[in-house]
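This report is meant for a reader who is meeting the structure for the first time. Please keep the sequence and the 3D view at hand while reading.

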Amino acid sequence: MSKKIIIAILFILFVVLSISIVRMPDIGGESNPAYNDITHYYIDNAREETGSVNIIAAIITDYRAFDTLGETTVLFSSIVAVFSVLSMKGDKHE
Amino acid sequence: MNDLIVKLISRLLIPFIQLYGIYIILHGHLSFGGGFSGGALVGSSLMLYAIIFGLKESEKKLPHTISKFIESFGILTYIIIGLIGILTVGSFLSNKQAGYSLGEFGTLLSAGMIPYLTLAIGIKVASTMITLLQRLLKEDSHD
């Protein structure tokens, strides 16, 4: 009995997700929610505001520099995690 | 690894890989690439050296006493550059407003703080890759 309920719920979920996939905007389409004013702003103003030829570099290290700081912190914390785990194991052996 | 051909070829190739990586890091604001991809190139050349010539030779070239300083230097430079923005105009990581000279459009020393940030990211990524590999190789040689 409970198995049938689970299968029914999963089927409803499958239908809902399938409908949402069909209704997704096209890749690169103009109705895409990611395609908004901010892209035009970057293309028009990146040269005057940052002086960088590479607009992508201007975005990741100037407009979104805080995000890049987070990515660098991820690298740092990965080193800290590996060092703490591996040296813990070494201490136990000795 | 004790293969003569691999040793000779890699000894020949590693300087060129490193030169290309440094070029990509320094030209991050002018052409394709940037800190992450250039740092990965420099780091992979160091990893190639460590794999081919072994952990001992690699630690002779880049001992842990130096690499731990490089490791922290990258991210600290990034944060200090950001803090200069707080001291001058009051917002973290501000570029033009904080008084960095934008320079002439398209030259190497232009775009304010972007080249310095790219350099910091490149140093960080390269040192992360080589430090992880050295640590894992060391763990392998213990057992």
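## Chain B as a whole

Chain B has a secondary structure of 4 helices and 0 strands, and its elements, read from the N terminus, follow the order α-α-α-α. Here helices (H or I, at least four residues) and strands (E, at least two) are DSSP runs that are numbered from the N terminus. The model is a predicted one, in which local features need pLDDT of at least 70 and side-chain atom pairs count only at pLDDT 80 or more, while totals for chains, interfaces and linings use all residues. Residues are numbered from 1 along each chain as its sequence is written, and chains are lettered from A, with ligands numbered from 1, in the order in which they are written.

The C-alpha trace of chain B spans about 55 × 30 × 20 Å along its principal axes. Of its 143 residues, 35% count as buried, where a residue is buried if 20 or more other C-beta atoms lie within 10 Å of its own, exposed if 12 or fewer do, and partly exposed in between, with the C-beta atoms placed from the backbone. Among the contacts in chain B between residues at least 6 apart in sequence, 65% join residues at least 24 apart; two residues are in contact if their C-beta atoms, placed from the backbone, lie within 7 Å.

## The pair α1 and α2 in chain B

Two packed helices are described by the angle between their axes and the distance between the axes. In chain B, helix α1 (residues 4–26) packs with helix α2 (residues 35–61) at an angle of about 165°, and their axes are 8 Å apart. The axes are lines fitted to C-alpha atoms, for helices over the stretch in contact, and the angles run from 0 to 180 degrees between N-to-C directions. α1(B) and α2(B) are therefore roughly antiparallel to each other, given that angles under 35 degrees count as roughly parallel, over 145 as roughly antiparallel, 65 to 115 as roughly perpendicular and the rest as oblique.

On the side of α1(B), the residues that meet α2(B) include V6(B), S10(B), I14(B), I17(B) and I24(B), and their counterparts in α2(B) include G38(B), L41(B), S45(B), L48(B) and I52(B). By class, this contact of α1(B) with α2(B) has 12 nonpolar, 8 polar and 1 charged residues, where Ala, Val, Leu, Ile, Met, Phe, Trp, Tyr, Cys and Pro count as nonpolar, Asp, Glu, Lys and Arg as charged, and the others, Gly among them, as polar.

## Three residues of chain B

I17(B) has its place in helix α1 of chain B, and because it has 17 C-beta neighbours inside 10 Å, it counts as partly exposed. When its neighbours within four places in sequence are left aside, I17(B) is in contact with L41(B) and S45(B). From I17(B) to G38(B), 21 residues away in sequence, the distance in space is 9.9 Å, C-alpha to C-alpha.

P15(B) is also found in helix α1 of chain B, and P15(B) is exposed, with 10 other C-beta atoms within 10 Å. K60(B), in turn, lies in helix α2 of chain B and is exposed, with 10 other C-beta atoms within 10 Å. The C-alpha atoms of K60(B) and K124(B), which are 64 residues apart along the chain, are separated by 20 Å.

## Chain A

Chain A likewise comes to 4 helices and 0 strands. Its C-alpha trace spans about 65 × 65 × 15 Å along the principal axes, and of its 94 residues 16% count as buried.

Helix α2 (residues 37–50) and helix α3 (residues 55–63) of chain A pack at an angle of about 75°, with their axes 10 Å apart. That makes α2(A) roughly perpendicular to α3(A). Y42(A), I43(A), A46(A) and T50(A) of α2(A) make this contact with I55(A), A58(A), I59(A) and D62(A) of α3(A), and these residues divide into 6 nonpolar, 1 polar and 1 charged.

## Where the chains touch

Between the chains, 32 residues of chain B are in contact with 23 residues of chain A. The elements that give two or more residues to this side of chain B are α3 (64–88) and α4 (114–142) of chain B, and α4(B) gives the most, with 12 residues. By class, the side of chain B that touches chain A has 13 nonpolar, 14 polar and 5 charged residues.
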